[in-house]
There are 2 protein chains.
Amino acid sequence: MWRKIRIWLDKLTPAQVITGYYLLAVTISVLLLSIPAVHKPGVKVAFIDTVFTAVSAVSVTGLTVVNISETYSVFGYFVIMVILQFGGVGIMAIGTFFWMLLGRKIGLRSRKLIMVDHNQFALAGLVHLIKEIIKIIFLIECIGALILGFHFLSYYSTWEEAFLQGLFAAVSATTNGGMDITGKSLLPFAGDYFVQLMNIILITLGAIGFPVLIEAKEYLFRKRSEHEIPFRFTLFTKLTTLTFAALLVFGTVILLLLEFQHYFKGIEWHKSFFYAFFQAATTRSGGLSTMDVSQFTLPTQLVLSILMFIGASPSSVGGGIRTTTFALNILFLFHFAKGNREVKIFNRELDQNDIIKSFVITTLATIMCFVSVLLISISDQQLQLIEIIFEVCSAFGTTGLSMGITSSMSDFGKCVLMVLMFIGRIGLTSFLFIIGGKEKKANYHYPKERVIIG
Amino acid sequence: MWRKIRIWLDKLTPAQVITGYYLLAVTISVLLLSIPAVHKPGVKVAFIDTVFTAVSAVSVTGLTVVNISETYSVFGYFVIMVILQFGGVGIMAIGTFFWMLLGRKIGLRSRKLIMVDHNQFALAGLVHLIKEIIKIIFLIECIGALILGFHFLSYYSTWEEAFLQGLFAAVSATTNGGMDITGKSLLPFAGDYFVQLMNIILITLGAIGFPVLIEAKEYLFRKRSEHEIPFRFTLFTKLTTLTFAALLVFGTVILLLLEFQHYFKGIEWHKSFFYAFFQAATTRSGGLSTMDVSQFTLPTQLVLSILMFIGASPSSVGGGIRTTTFALNILFLFHFAKGNREVKIFNRELDQNDIIKSFVITTLATIMCFVSVLLISISDQQLQLIEIIFEVCSAFGTTGLSMGITSSMSDFGKCVLMVLMFIGRIGLTSFLFIIGGKEKKANYHYPKERVIIG
Ligand SMILES: [K+]
Ligand SMILES: [K+]
């Protein structure tokens, strides 16, 4: 009996294992969130809403159809934190796993290069890797919870309440879970720059990508004597960090420009700046908010939507098409327009396959989000177009920002969002693996023929 | 003096010549439309509106900020027809020219294959080609004008009026100009299936692509004895015609499904069918309309927007990303998901370069349209998001359908639309050529390094 199951399990592709893991995690989460003790006394939650909360927590998106603080008990808070933890770390591990998978498919010569570049990291086993991820995430969360907890002592009457709030906030920020037990996200701390800065740091550490964290650790704790050759960050780390920073700066500036005559009118410059900076950081994948996004003007909502669509780094707790995909698109477009077919950056050349893949992912994501918007516009005719676009991008980017329509949506609309959260989370690369299987070499060829395009 | 100009002209790249041609055509059109006699007595048109009409006519888009029938005299109608003519044929010639340019860059072995496939067509000179285009378009227009003119005798009191209407309708439909002198597009003929069918045929002949028309002619008039090998349509013809037909069927079906409870409620099935069929055909690039598109529901308007964004065949009078670009995207996505990197269709294999180009074009077009929507949402805050999206897609697809907001837009918004009409018309391939110049071979290489994407 057990042997049969084992044989069956061995036959599964990695992608199928991942889907299985995800579905299992959702199922367990649904069961956990159905325990009566997780709810506040007298509160009832519809089944679809429990499923939605479970999917949202496992995919660390943070879109909610119920108000967490009004619905769940303290025990429920802990259950949600555990789910966020598993969702965040699990997916990070999976992302990293795919990275290694990618590394394995590369020829011997390139592999040696990568070995040097990755500083023994790519050689370590999967188990060691996952241990590393868990250690780093736990460490970040503990420090965050302690700092926030002590700080919250001035906000809450009891130390239990303060540290509960601190712990939940730290877990929610680090895993980019985007959920809150304050009842209205970080709006109570809209004037507290310390809380905001802490959240920005925690969100960024979660969304910057696990390989970046590892490399940063290697860099900081390297033994100088051992390294005769200078330490070199991988192209991935450079590219994703640069894109991350660029999106942060771009987001902050554009928000200030678009809203200084509207939302920020009459607000002091430093408060406006922190509002904009926090909002730009949270669209990477965080989902916590210091402002009511439905109060922004249409252009700002469009910009936020596209920032969420781009999302966080690969192999992080975030979703979307991912920073590197976006970077490769833009880099190739510039090079293509100048007549170059090869993309050179940081003294390295990008692989043609990665470039094709980046365009495939962007196009597929665009089509998917468009179809989702279309479907919801059919099923939920009461909604404004921008509300639908915003919510769809938030789900696909597993960001969790909302214009406040999630709870009033039809069951069909909620299902569309759940599918988007799932795909956004595991990433389109993995998703394509799942529906397609691995690359095949063609064993026969037809004559090639060009066609006019564009 | 003349020699200097000649030397200067010789130095220009084909792409720069095309831009020059286009700007010259717009300038001349503006001058022509500024002659007092083109206006109806007492009518004044703002300069920006004259420029807009000129750009719209040269790019055969058909978006208008003034009502043609109320603004222009009969002389004005003829001026507009001449501009549409030059715009339509000129651009067709340019598209075909680029096709030949593409053909020239292919190696000797492939060229022989193409020679066979293209049936001596690719060998003919550019002058001969342009003559062919003009002949075919003129023939189609004359036949269309005569048939419609005779038919209109029952609508209009004088034969002059009937044939003027017939001529303008035929020119506007064949060049996909999308303009009308009835005052409200084809709405007066919403019940006249004959007029609609004629328009659909003329629009399709203009938008199906010039190479398709040539090949169809070759096929129909070939001497059987000369051809021992069976006639073979090019991959381009097969692909673009199939996509064209698929979009037509898809558009009709989806419109019927989305609107049978709304716009088509209480309307007989055959009238509904013709409404939907005409609308699906006109989104390819026609722009004439039998219905008020602002009366549709949001999902329908989204579908129409995407259909306009896709646009017509390359080397036709239409715009957008083009049917073949869309087809290559979809085909590659399917093959990619199944693990294939080569795309096989109709016993031919697609060129990897064409596939990359198709994704570059789609991504670039998406970014461009998004930025345009964003800019207009900033400059014209009174507009609904769907109105902006619809208008932007209509301009980029040079379709000319409108939800009726063009005339009320700010000058900045009108300028954005003009730029889109220009780029949509000459096509993104040519546009990339213009800003970038021709393909370069890199003379040095960096080591390749892969990055995690998606
Ligand atoms: K999130
Ligand atoms: K048109």
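1. Helices here are DSSP runs of H or I with at least four residues, numbered from the N terminus. The model is predicted.

2. Helix H17 of chain A covers residues 411-426. Its 16 residues should span 22 Å at 1.5 Å a residue, and the end C-alpha atoms lie 23 Å apart, which agrees.

3. H17(A) is largely enclosed by the rest of the structure, because 12 of its 16 residues are buried. By contrast, A:Cys415 is partly exposed, with a relative accessible area of 36%.

4. How many disulfides are there over all chains? The count is 0. A disulfide is a covalent bond between the sulfur atoms of two cysteines. For B:Cys369, the closest cysteine sulfur is that of B:Cys393, 5.3 Å away and therefore too far for a bond; the cut-off for a disulfide is 2.5 Å. B:Cys369 is buried, at 7% relative accessibility.

5. Chain B carries a nonpolar patch on the surface, formed by B:Leu139, B:Ile143, B:Leu146, B:Ile147, B:Phe150, B:Leu153, B:Trp159 and B:Phe194. Together these residues have about 810 Å² of accessible area.

6. Which helix gives the most to the nonpolar patch? Helix H7 of chain B (residues 126-152) does, with 5 residues. B:Leu139 is found in this helix and is exposed, with a relative accessible area of 55%.

Note on methods. Residues are numbered from 1 along each chain as its sequence is written. Chains are lettered from A and ligands numbered from 1 in the order in which they are written. This is a predicted model: local features need pLDDT of at least 70, side-chain atom pairs count only at pLDDT 80 or more; totals for chains, interfaces and linings use all residues. Side-chain values use heavy atoms; hydrogens and water are left out. Patches are made of residues with over 30% relative accessible area and no salt bridge: like charges are joined within 9 Å, nonpolar side chains (Val, Leu, Ile, Met, Phe, Trp, Tyr) within 5 Å. Accessible areas come from the Shrake-Rupley method with a 1.4 Å probe; for residues, only the protein chains shown count as cover. A salt bridge is a side-chain nitrogen of Lys or Arg within 4 Å of a carboxyl oxygen of Asp or Glu. Helices (H or I, at least four residues) and strands (E, at least two) are DSSP runs, numbered from the N terminus. Buried means under 20% relative accessible area, exposed over 50%, partly exposed in between (1.4 Å probe, protein chains only). The expected span of a helix is 1.5 Å times one less than its number of residues.
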